[in-house]
Amino acid sequence: MKVIVLIENTSKCSLCAEHGLSVYIEYNGMKYLLDTGASDTFSANAHQLGINLADIDIAFLSHAHYDHAGGFETFFKENEKAPVYLQDTSAENCYYRPDNTDKYIGIPTHLLETYKKRFQYIDHVCEVEKGVWLIPHFTKNLDEMGRRACMYRKIGDEYVPDDFAHEQSLVFETPKGLILLNSCSHGGIVNIVKEVQMALGNQKVYAVIGGFHMMKLSGLDTLAIPESEVIDVASQLQNLGVEEIYTGHCTGTIAYGLLKKELDEKIHELSTGTIIEF
């Protein structure tokens, strides 16, 4: 199994970076795409890496935010076959509302309708291909995490705290254990690992890849939660038996530094162009 980061907030090579995440995956002879970043930049990076987006067999949208869905129109122009799996609660209705100011952070408007034949909505634990799973949230009271993060969904004329029912985990079975990808982990990475274990017969989660949503949206060098909570996450991931952690995007540099102190060689920093092989 090979994982290549097509776009991330940072780049340590000639590839471009942006606030967003897109990941290319090769597994059991098939090619997958998780998210498309905030724009078409992921596509330019893919071309530079020699990856032909037309060859993608199946794509996924991790959750209904612009920095993960922004490049899908470009993807559809380059790939005419791959379905895109997303949760059936996904809609163009996500907002960031600090101090009651509204900022739309959702899927590009009209994308879901314009390309409706390309989207496959699911509402349950789903094995998309042999050994490839999509796991929705079933942890309760995640709307409290949405309220804390100032993230809301607009339902009619009302704003309700986001419970991240539109977020899903992408999981691959490997001889070492499960490889879990969740682009932002809004529902809490510890909750997510437990959800995946519960859904898949308590199999070992060997590796976690994605953002942990520990930074404020104002920048990478900010912290959205207390330091003690970051340290607790590190401890719980170790207790759950996770051996490899690859994180970036919305984790932030301060949180990553704290996690690194606790997890040492178990944790690795994601950036544009990162290649991971299992």
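This is a predicted model: local features need pLDDT of at least 70, side-chain atom pairs count only at pLDDT 80 or more; totals for chains, interfaces and linings use all residues.
Residues are numbered from 1 along each chain as its sequence is written, and side-chain values use heavy atoms, with hydrogens and water left out.

**Pockets.** I took a pocket to be an open set of points on a 1 Å grid over the protein atoms alone, where a 1.4 Å probe fits, with protein on both sides within 12 Å along at least five of seven lines; lining residues have an atom within 4 Å of a point. The largest pocket has a volume of about 570 Å³, the volume being the space filled by probe spheres set on the points, which are joined across faces, edges and corners. Of its 26 lining residues, M145, R148, H213, I225 and E229 are the closest to the centre. Helix α7 gives the largest share of this lining, four residues. For the second largest pocket I read about 210 Å³, with 14 lining residues, of which H19, Y66, D67, I105 and L217 lie nearest its centre.

**Sheet.** I then followed an open sheet of seven strands with mixed pairing, in the order β9-β10-β13-β14-β15-β16-β17. Helices (H or I, at least four residues) and strands (E, at least two) are DSSP runs numbered from the N terminus, and two strands pair if DSSP finds at least two bridges between them. The edge strands are β9 (126-129) and β17 (267-269). Strands β15 (residues 205-210) and β16 (residues 244-247) run parallel and are joined by four bridges, and A207 has E244 as its bridge partner in β16.

**Helix α6.** I saw that α6 (residues 189-199) packs on the sheet, touching β10, β13, β14 and β15, and that its direction makes about 135° with that of β15. Contact means heavy atoms within 4.5 Å, and angles run from 0 to 180 degrees between N-to-C directions of axes fitted to C-alpha atoms, for helices over the stretch in contact. Among the buried residues of α6 are I189, V193 and V196, buried meaning under 20% relative accessible area with a 1.4 Å probe, protein chains only. Their cover includes α7 as well as β10, β13, β14 and β15.

Conventions
Buried means under 20% relative accessible area, exposed over 50%, partly exposed in between (1.4 Å probe, protein chains only).
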